Amino acid sequence: MPPSQANAMNPTEIQAIDPVCGMSVDPAKSLSSQHNGRTFYFCSAGCQKKFDSDPDGVLESRKKENAESESSDCCSTQPTCCGGGSHGKPQTSQQSDDPEAVYTCPMHPEVEQVGPGDCPICGMDLEPKFVDPTSSGDEAQYNDMKRRFWIGVALSVPLLILSMGPMVGLPINRWISSGMDGWLQFALATPVVFWCGWPLLVRGAKSFRSWNLNMFSLIALGSLAAFGFSVLAILLPDWIPTAFYEADRPPLYFEAAAVIITLVLLGQVLELRARQQTGGAIRELMQLTPDIAHRIEGEDERDVSLDEVQSGDHLRIRPGEKIPVDGEVIRGSSRVDESMLTGEPVPVEKNEGDALTGGTLNQSGSLEMTATQVGGDTVLHRIVQMVADAQRSQAPIQKLVDQVAQYFVPAVILSSILASIVWSIVGPEPALAYAFVSAIAVLIIACPCALGLATPMSVMVGVGRGAKEGVLIRDAEILEIMEKVDTIVVDKTGTLTKGRSAVTAIETQGDWSESDVLAIAAAVEQSSEHPLGRAIVEYAEASDTQRRVAKDFQSTTGKGVVAEVDGKHVAIGNPNWLAELNVTGLESVRDPAEQHQANAATVVYVAVDRSLAAIIAIKDPIKSSTPDAIQALHSLGLRVVMLTGDARSTAEAVAKQLGIDDFRANVSPEAKHDFVQQLKQEGKTVAMCGDGINDAPALAASNVGIAMGTGTSVAMESAGVTLVGGDLRGVVAAKQLSQKTMRNIRQNLFFAFAYNALGIPIAAGLLYPFFGILLSPMIAAAAMSFSSVSVIANALRLRTIQLSAPN
């Protein structure tokens with residue numbers, strides 16, 4: 001991440017550290033306590049309560065932990081969460097080269113800190129908040145986890161043969177004495193539990209230390225209880241109550257502990273591989289840029305890596321090469337394939353002065369360009385970062401899951417204790433052995449991980465799928481709201497139309513000539529960002545009109561512009577605004593203006609020294625995709641309303657041609673904003689679609705703002721969804737994506753809740769009185785791993801969904 005980006009976006013500048021768990025928190029939104037004249041901030045009421053009970057002890061403990069962390073930074077391995085992250089992998093595999101880089105937790109995005117570490121809530125490795133194209137990603141983590149799993153398998157298989165062999169007729173007792181059998185099982189199980197499963201145990205320990213209990217709290221309790229009981233049975237068998245005995249000897253549960261660890265590792269390997277797949281959209285986007293650029297240095301040309309390119313550098317792009325960074329053509333002409341941005345297959349002609357976007361493909365000619373945006377400032381990098389941030393965001397539905405998860409693990413531990421007590425009282429002999437097995441099975445089968453993964457996995461995959469279609473979702477909340485949208489409000493210019501307006505007629509008044517009016521109007525509009533202004537400038541350039549210079553330029557958003565040209569006061573805009581400026585002669589052009597407007601042209605009025613000089617008719621062709629997009633929106637049951645600053649006759653012609661349900665004309669930015677608010681007050685869920693500065697207030701006021709990627713940055717900053725290609729069909733794709741993603745989330749949550757609701761009672765022995773079935777801890781571990789993998793597999797189905805306009 002470039003330093004400039006880090007400085008601009010570093011959230012830790014306004015963050016404090018929770019002294020209990022070490023989590024970065026926002027002081028403005030956090031609980032706080034006073035101690036020795038200092039204010040301390042906390043992530044939760046639990047941490048605050050622990051601090052208030054012994055503030056000096058907590059601060060001393062935090063001081064020791066920080067010292068230990070600093071001394072072991074170079075070689076420590078960090079635990080991870082069930083979200084499919086790494087487990088015990090070296091930190092370097094996911095570190096950014098920037099020591100000031102901000103790191104965050106994929107499962108808990110509120111956790112942020114400078115530099116790497118692990119999440120105090122779930123134990124997951126923190127990852128760079130800002131995408132680093134040089135990062136090796138999760139490959140090292142995945143390989144480390146696979147190695148731990150396969151070593152666990154190699155040791156667990158002979159352990160299973162030793163322990164279960166007699167049940168299938170193997171004469172293990174004749175081959176090995178009972179004493180040697182116990183020690184052999186101990187030798188095989190110990191490396192599985194304490195090396196292969198070390199990351200799991202560390203996470204479990206940390207969860208108890210911070211009291212943020214999770215799945216690994218249960219795994220650590222269950223596996224260590226089974227292992228510890230077995231060690232006690234071979235070292236001090238006389239200490240074991242006879243009620244535990246099976247075949248006149250204490251039972252051993254080494255195989256249960258080892259197989260539990262191995263099966264959990266299998267689940268983590270599968271989750272990690274799935275998480276790599278969810279990042280496919282980001283990797284594909286990052287691969288669009290070349291590795292090197294050809295930098296022109298005086299008379300020489302040198303190949304440099306992309307991170308060496310600076311703003312202002314002169315670069316050469318040969319035919320068939322990708323544009324390395326954003327910039328502007330300074331020499332040459334070519335056709336550039338911009339389909340990765342716009343979705344349009346037809347290459348765009350590029351000449352001197354035209355903008356180039358990094359990642360697009362130069363086709364036929366050689367170009368020289370000046371780099372204007374590099375590193376994290378390029379359009380492509382901003383898109384990548386937007387996708388990455390959205391994949392880490394949380395949907396509102398996740399709040400319910402978080403509330404349930406907060407009480408889930410303590411409830412499971414309590415259930416385990418109750419199951420053990422009941423079995424020890426009413427169970428068959430050996431009662432305590434049954435009690436012990438059921439307690440461990442309850443601990444192991446419970447899967448808060450499936451609950452935790454249900455929403456984030458679907459969001460990650462869904463956002464990535466949208467990015468491939470050019471639909472950029474800002475955060476998960478937008479996905480949830482978009483599903484409920486029933487009204488689409490659209491701007492006309494640049495949204496329904498191409499936004500590339502062309503002058504079709506100039507009708508002058510009095511003694512004004514067309515060339516003089518055009519020269520004056522072009523001089524004023526040279527400073528304007530509006531598409532209509534650009535159309536006038538382009539028409540003047542094509543007509544070889546004499547260039548004039550304007551000064552004291554002022555723009556009134558949604559109304560028009562004023563400036564001084566050759567000592568004359570020039571105003572260009574709509575008739576209502578010019579009337580406010582006391583311009584005369586407006587009535588004389590009403591009939592010709594209405595004729596142009598009836599043909600869907602926009603009429604711009606030009607006044608010089610407060611007297612009307614001319615009207616200019618400008619027509620913006622409707623995009624070829626717009627009629628199909630409007631039809632598709634209607635097929636989805638959406639009501640479409642058009643808002644425009646154009647005259648009523650122009651707006652009516654466009655609305656009639658496209659079959660739009662309703663429209664409002666002569667609408668100012670404030671009126672657009674008010675209209676959206678009015679729709680919301682009527683109970684509508686509104687998505688506003690626009691591309692200009694004048695649309696920003698309405699975009700911000702709507703439930704979901706949708707910006708065209710071809711529009712201004714102000715519009716995109718106000719929006720929750722950006723359509724990279726500027727195509728209204730992207731709204732259809734966004735609606736379908738939200739519906740299918742939310743359906744997938746509900747399926748995952750149903751499965752996760754149903755699994756735990758059924759699995760825990762069965763593990764506790766609910767079926768034993770009826771069918772004589774008591775679940776083995778090994779079967780419980782397999783079921784637990786299967787539940788997480790099933791949730792992930794269902795989420796991954798979103799990668800293959802079709803996002804197309806309905807017939």
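## Basis of the values

The model is predicted, so local features need pLDDT of at least 70 and side-chain atom pairs count only at pLDDT 80 or more, while totals for chains, interfaces and linings use all residues. Residues are numbered from 1 along each chain as its sequence is written, and side-chain values use heavy atoms, with hydrogens and water left out.

## Aromatic pairs

The whole structure contains 10 aromatic pairs. Rings of Phe, Tyr and Trp (its six-membered ring) pair if their centres lie within 6.5 Å; planes under 30 degrees apart count as stacked, over 60 as edge-to-face and the rest as tilted.

Trp423 and Tyr768 form an edge-to-face pair, because their ring centres are 5.1 Å apart and their planes stand at 70°. Trp423 belongs to helix α13 (residues 397-426) and Tyr768 to helix α28 (residues 768-771), so this pair ties together parts 345 residues apart in sequence. Helices (H or I, at least four residues) and strands (E, at least two) are DSSP runs, numbered from the N terminus. Trp423 is buried at 8% relative accessibility, whereas Tyr768 is partly exposed at 24%. Buried means under 20% relative accessible area, exposed over 50%, and partly exposed in between (1.4 Å probe, protein chains only).

Phe751 and Tyr755 make a stacked pair, with 6.4 Å from centre to centre and 20° between the planes. These two residues are four apart in helix α27 (residues 729-764), which means that about one helical turn separates them. Phe751 is partly exposed at 29%; Tyr755 is buried at 12%.

## A cluster and a charge over a ring

One aromatic cluster consists of Trp183, Phe186, Phe194, Phe227 and Phe254. The charged end of Arg148 sits over the ring of Trp195, 4.7 Å from its centre. A charge sits over a ring if NZ of Lys or CZ of Arg is within 6 Å of the ring centre and within 35 degrees of the ring normal.

## The sheet

An open sheet of seven strands has the order β19-β31-β30-β29-β20-β27-β28, with mixed pairing. Two strands pair if DSSP finds at least two bridges between them. The edge strands β19 (471-473) and β28 (662-664) each pair on one side only.

Strands β30 (residues 704-708) and β31 (residues 721-723) run parallel and are joined by three bridges. Ala707 stands opposite Thr722 in β31.
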